[in-house]
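Subject: Handover of a protein model

Dear colleague,

Please find below the structure that I am handing over to you. My findings follow it, and I would ask you to read them with the model open beside the text.

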Amino acid sequence: MQKGIASNTIFLVKEAVKSLASTVPSSEKLLVFADLGCSTGANTLVMFSEVMDTVSTTCNELGRPVPQIQLLLNDLPGNDFNTLLGSVLSFRKERIDECTSDRSMPFYMSVVPGSFYERLFPKKSVHFIYSSCSVHWLSQVPMGLYNVRQGWINKGSIYISEKSPPLVSSLYLKQFQRDFSLFLKHRSEELCSGTCMALIFPGCSTADQSAKETAAYIACLEEALDKMVSEGVVNAFDVDSFNLPLYHPTMDEVKFVIKNEGSFELMQDFIHEAPFSEVFGDTHGDTNEKWEKLGLAFRSILESLFVSVENNKNS
Ligand SMILES: C[S@@+](CC[C@H](N)C(=O)[O-])C[C@H]1O[C@@H](n2cnc3c(N)ncnc32)[C@H](O)[C@@H]1O
C-alpha cells in the first residue's frame, strides 16, 4: 500500500531535492536528509535512491561538487531496527559497488529512535525531511473519549464511524491539530534555513471521517470485531474502550494547521485519489482470497497495536 503511495508522490520529492541541490551554497560539504517513521525501510530506500540520483545529476549538470550525503532514519524505539539495518547495509553496499570513481557519492546513514512529536535532531542540522504515511499516527488516543458519567463514548467503534457521537470526530480533530502543530514546531527548529519537507498523509476527501471511502478498511475491522463479540471471542467492553490513535486529515485540515502554527509555508500540495481496490488490492467478490488479502493488509498496519493492547491487559 505505502509503496504505491510513495511512487505516486516521488516526483514532488525529486523537485524539492533538485531545488535544494541547486540552491544550497557550494561550501556545504554535507547534505542531511531525514525519513521520519521509516519502519523497516523498504520505501525509504527507494526514496533515498532517487534522492541520491537527483543530487548527483543536478550537481553534475551545474558543475558543482557533489556533496556527501547523510540519511537519518527515524521511527519509534519499538520499531524493527534490525530488519531496517539489514536492508540499509545491503543497499549501501549495492550503491557503493555501482559507483564508478567519477560518479562516486559517499553517503552515511544513522538510526534515530524516538517520537517525531519530540525533538529528534540538533538545531538547524537537517536539509530535507521526508515522511510518508506516518504523521497521521497520533501521539495518543484523543483525550475525552471516556467520561465518568457516560463511560466510553465511542461504543462499538474503534475510530470515527457512522455510529459515533459528533463529539468523537471533534476530539480526533483536536488531537490531530495539537500533534501536527508540535510536529511542525520541532521540525522548524531542526531544518536549516530555507529548506523544506515533503509529508505524505493517507487523508480523507471529506470532513466526514466516517464516509465510506475513507473508513472502509476500519469499518471492515469493526464488523469483524462485532462478530467476534457476538461469538463471545472478544469482550464488548474491550471494543468500546479501544480507539485507534490515528487520523486521516483533509487537505484543508492540514493547511489550517500549517497556517496557524506559522513556521512553514505550503509550497505545493497534491492529492492522489486511491480507491479501496488500489490500496488493498482487488477485493471484488466474497472469496476467501479477498478476505485473506484484507486480513494481511490489516495485520501489517494494525497488528502491533492490537497485540500491545492485549499484552497490557494481560500484564
Ligand atoms: C504505515 S508505516 C509507514 C512506513 C514508511 N514510511 C513507508 O512509507 O513504508 C508508519 C510508521 O510510522 C511510525 N510512527 C508512528 N508514530 C510515530 C512517532 N510518533 N514517531 C516516529 N515514528 C512513528 C510507525 O512506527 C510506523 O513504522
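A residue counts as buried if 20 or more other C-beta atoms lie within 10 Å of its own, as exposed if 12 or fewer do, and as partly exposed in between. Val-141 has 18 other C-beta atoms within 10 Å and is therefore partly exposed. Please keep in mind throughout that this is a predicted model.

Val-141 sits in the loop that runs between strand 4 and strand 5 (146-147). Setting aside residues up to four places away in sequence, Val-141 touches Asn-243 and Pro-245. Between Val-141 and Tyr-172 there are 8.1 Å in space, C-alpha to C-alpha, although the two are 31 residues apart in sequence.

The overall picture

The protein contains 9 helices and 7 strands. It has 315 residues, of which 27% count as buried.

In what order do the 5 strands of the open sheet stand? The order is 3-2-1-4-7, and the pairing is parallel. Strand 3 (107-113) and strand 7 (191-200) are at the edges; each has a single partner strand, so one side of each lacks a neighbour in the sheet. On average, neighbouring strands of this sheet are turned by 20° against each other, direction ignored.

Strand 1 can be followed to both of its partners. With strand 2 it pairs in the parallel sense over 7 bridges. Strand 1 (residues 30-36) is also joined to strand 4 (residues 126-132) by 3 bridges, and these two strands run parallel. Ala-34 illustrates both pairings: its bridge partner in strand 2 is Leu-72, while in strand 4 it stands opposite Ile-129.

Strand 2 is mostly covered, with 6 of its 8 residues buried. Asn-74 lies in this strand. Is Asn-74 buried or exposed? Asn-74 has 22 other C-beta atoms within 10 Å and is therefore buried. Apart from neighbours within four places in sequence, the contacts of Asn-74 include Ala-34, Asp-35 and Leu-36, as well as Val-112 and Phe-116. The C-alpha atoms of Asn-74 and Pro-113 are separated by 5.4 Å, and the two residues are 39 residues apart along the chain.

Helices on the sheet and against each other

Helix 3 (residues 81-98) lies across strand 2 (68-75) and strand 3, and runs at about 175° to strand 3. Helix 4 (residues 166-190) also packs on the sheet, where it touches strand 4 and strand 7; its direction makes about 140° with that of strand 7.

Two packed helices are described by the angle between their axes and the distance between the axes. For helix 4 and helix 7 (residues 251-261), the angle is about 50° and the axes are 9 Å apart. Helix 4 is therefore oblique to helix 7. The crossing of helix 4 past helix 7 is right-handed. On the side of helix 4, the residues that meet helix 7 include Leu-173, Phe-176 and Phe-180; on the side of helix 7, Val-257 and Ile-258 are among them. Sorted by class, this contact of helix 4 with helix 7 has 6 nonpolar, 2 polar and 3 charged residues.

Ser-39 is found in the loop between strand 1 and helix 2 (42-62). Its phi is positive, about 60°, although Ser-39 is not a glycine. Ser-39 is buried, because 20 other C-beta atoms lie within 10 Å.

Cys-133 is placed in the loop between strand 4 and strand 5. Here phi is near 55°, again a positive value in a residue other than glycine. Cys-133 has 18 C-beta neighbours inside 10 Å and so counts as partly exposed.

Ala-42 belongs to helix 2. With 14 C-beta neighbours inside 10 Å, Ala-42 counts as partly exposed. Ala-42 and Thr-83 are 41 residues apart in sequence, and their C-alpha atoms are 9.9 Å apart in space.

Yours sincerely,
A colleague

Methods
Residues numbered from 1 in each chain as written. Predicted model: local features only at pLDDT ≥ 70, side-chain atom pairs only at ≥ 80, totals over all residues. Pairing = 2+ DSSP bridges. Helix = DSSP H or I, 4+ residues; strand = E, 2+ residues; numbered from the N terminus. Axes fitted to C-alpha atoms, helices over the stretch in contact; angles between N-to-C directions. Contact = placed C-beta atoms within 7 Å. Parallel < 35°, antiparallel > 145°, perpendicular 65-115°, else oblique. Left-handed = near helix turned anticlockwise from the far one by under 90°. Nonpolar A, V, L, I, M, F, W, Y, C, P; charged D, E, K, R; others polar.
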